[in-house]
Amino acid sequence: MIDAAGNDAATVRRILVIGIGAGSPAHLTLQAIEAINRADLFFVFDKGEAASELVAAREAILAAHRRAPWRVVPVESPRRRAEARVHPAAEGGEEGGAAPADPALPGPAGAYRAGVADWHGARAGRLAQAIAAQLPPGGTGAVLVWGDPAIYDSMLRILEQTRAHLALVLEVIPGISAIQALCAAHGQVLNAVGEKVTITTGRRVLADYPTGGGSLVVMLDDGSGLAALIAREARARAAGASPLLIWWGAYLGMREEMLASGPLHQVGHDILARRAQARARRGWIMDVWLVRG
C-alpha cells in the first residue's frame with residue numbers, strides 16, 4: 001500500500017515521535033496512548049547510570065499504558081563535549097547583546113552550536129544503525145520524548161539526520177510541555193494581559209529578558225542563567241527597579257516534584273541551593289522557570 005506521501009508502507013519503516021509529558025503517566029494524551037500501543041518496539045538513548053532513572057520513568061509510562069508486552073532497544077548515546085556556559089552579556093560586551101548565530105563564527109557561542117551539531121550527527125548515526133538492525137522494513141518503532149517534541153528537544157532534528165542514512169516516515173504526537181505543567185502546578189497564566197511571552201534557554205537569559213514588559217520562560221538552565229539574572233536584578237533594584245517574581249519547578253509531574261515561587265531576590269538563592277542539592281543527590285535534574293516583573 002502506498003501512503004499519501006508516496007511511501008510503500010510494506011517496506012518503509014515508520015517512527016512515532018511521542019510526546020509523553022513532563023514525567024507523570026497521567027500526562028499522556030489519548031493520541032499518545034494509541035501511538036504507544038501501535039509501536040512494535042521503542043528506541044531509548046542510554047545516557048549512562050546517572051540517567052537510568054529517566055529510562056525507568058519511561059518504562060513506568062509504558063507499564064501504565066501499553067496493553068501488550070513491549071521491547072525497548074537501548075541506543076548508546078555518544079558523549080557530548082563540554083562547553084563553557086556563556087551568556088551573551090559576557091561575549092558581546094553590553095549586557096543583553098546578541099550572541100553569534102552562525103556556528104562558523106568565532107567565539108564560545110559558535111563553538112557551542114558546532115559542538116551540538118556534531119553531537120546530533122553522532123546520535124543520528126547510532127540511531128540509524130539501531131533502527132536498521134532492529135526494526136524490519138514496514139515496521140513501526142517509537143521514541144518517547146519528554147514534554148512536547150517541538151519545544152526545546154533535539155529528537156526531531158536527530159531523526160531528520162537519521163533519514164539521510166535510511167528511509168523513514170516520521171509521525172509526531174504532541175505532548176504536555178514542561179511549560180504547561182509548570183503553570184498548572186503554580187496555578188498561573190503563562191502571559192500577563194496584553195504582554196508577550198519569551199521562551200529561551202539558560203544561556204540566553206540576559207539577552208532575551210523582555211525589559212519592556214512580558215514574561216520569560218527559561219528551559220535547559222544549569223543554574224548559571226538564574227544566577228546571572230539574580231545578579232542583574234540586584235543591580236536593577238539598587239537603581240530603583242521593581243522586583244521580579246519567579247515560579248520554578250523541577251521533576252514536574254513526578255513524586256519528587258519541587259516547586260518554589262516569590263520575589264526573585266527572596267527565593268532565588270534558595271532555588272539555586274535546592275536544585276544543586278537535588279542534582280547531586282540524583283545525578284540529574286529537569287527544571288523550568290517563569291519570571292516577570
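A polar contact is a pair of N or O atoms within 3.5 Å; within protein, one must be able to donate a hydrogen and the other to accept it, and residues adjacent in sequence count only if both atoms are side-chain atoms. Keep that in hand for the first stop. This is a predicted model, in which local features need pLDDT of at least 70 and side-chain atom pairs count only at pLDDT 80 or more, while totals for chains, interfaces and linings use all residues. Residues are numbered from 1 along each chain as its sequence is written, and side-chain values use heavy atoms, with hydrogens and water left out.

**Stop 1: Asp221 and Ser224**

Select Asp221, in the loop between β7 and α8. Helices (H or I, at least four residues) and strands (E, at least two) are DSSP runs, numbered from the N terminus. A polar atom of the Asp221 side chain lies 3.5 Å from the backbone nitrogen of Ser224. Asp221 counts as buried, at 7% relative accessibility. Buried means under 20% relative accessible area, exposed over 50%, and partly exposed in between (1.4 Å probe, protein chains only).

**Stop 2**

**Stop 3: the five-stranded sheet**

Show the open sheet with strand order β6-β7-β10-β8-β9 and mixed pairing. Two strands pair if DSSP finds at least two bridges between them. β6 (197-201) and β9 stand at the edges; each has a single partner strand, so one side of each lacks a neighbour in the sheet. On average, neighbouring strands are turned by 15° against each other, direction ignored. Axes here are lines fitted to C-alpha atoms, for helices over the stretch in contact, and angles run from 0 to 180 degrees between N-to-C directions.

Zoom in on β8 and β10. They pair in the antiparallel sense over six bridges. Leu245 stands opposite Arg292 in β10.

Next, display the helices on this sheet. α6 (residues 178-186) touches β6, β7 (215-219), β8, β9 and β10, and its direction makes about 115° with that of β8. α9 touches β8, β9 and β10, and its direction makes about 160° with that of β9. Contact means heavy atoms within 4.5 Å.

**Stop 4: Tyr251 and its partners**

Which residue pairs with Tyr251 in an aromatic pair? A search of the whole structure finds one aromatic pair. Tyr251 and Trp284 form it, edge-to-face, at 5.0 Å centre to centre and 90° between the planes. The pair links distant parts of the chain, 33 residues apart: Tyr251 is in the loop between β8 and β9, Trp284 in the loop between α9 (264-282) and β10 (287-292). Rings of Phe, Tyr and Trp (its six-membered ring) pair if their centres lie within 6.5 Å; planes under 30 degrees apart count as stacked, over 60 as edge-to-face and the rest as tilted.

Tyr251 is buried at 2% relative accessible area, and Trp284 is buried at 6%. A charge sits over a ring if NZ of Lys or CZ of Arg is within 6 Å of the ring centre and within 35 degrees of the ring normal.

**Stop 5: another charge, another positive phi**

Select Arg123: its charged end sits over the ring of Phe45, 3.9 Å from the centre. Then check backbone angles. Most residues other than glycine have a negative phi. Tyr251 has a positive phi, near 50°. Tyr152 also has a positive phi, near 50°. Tyr152 is in the loop between β4 (140-145) and α5 (155-162), and is partly exposed at 38%.
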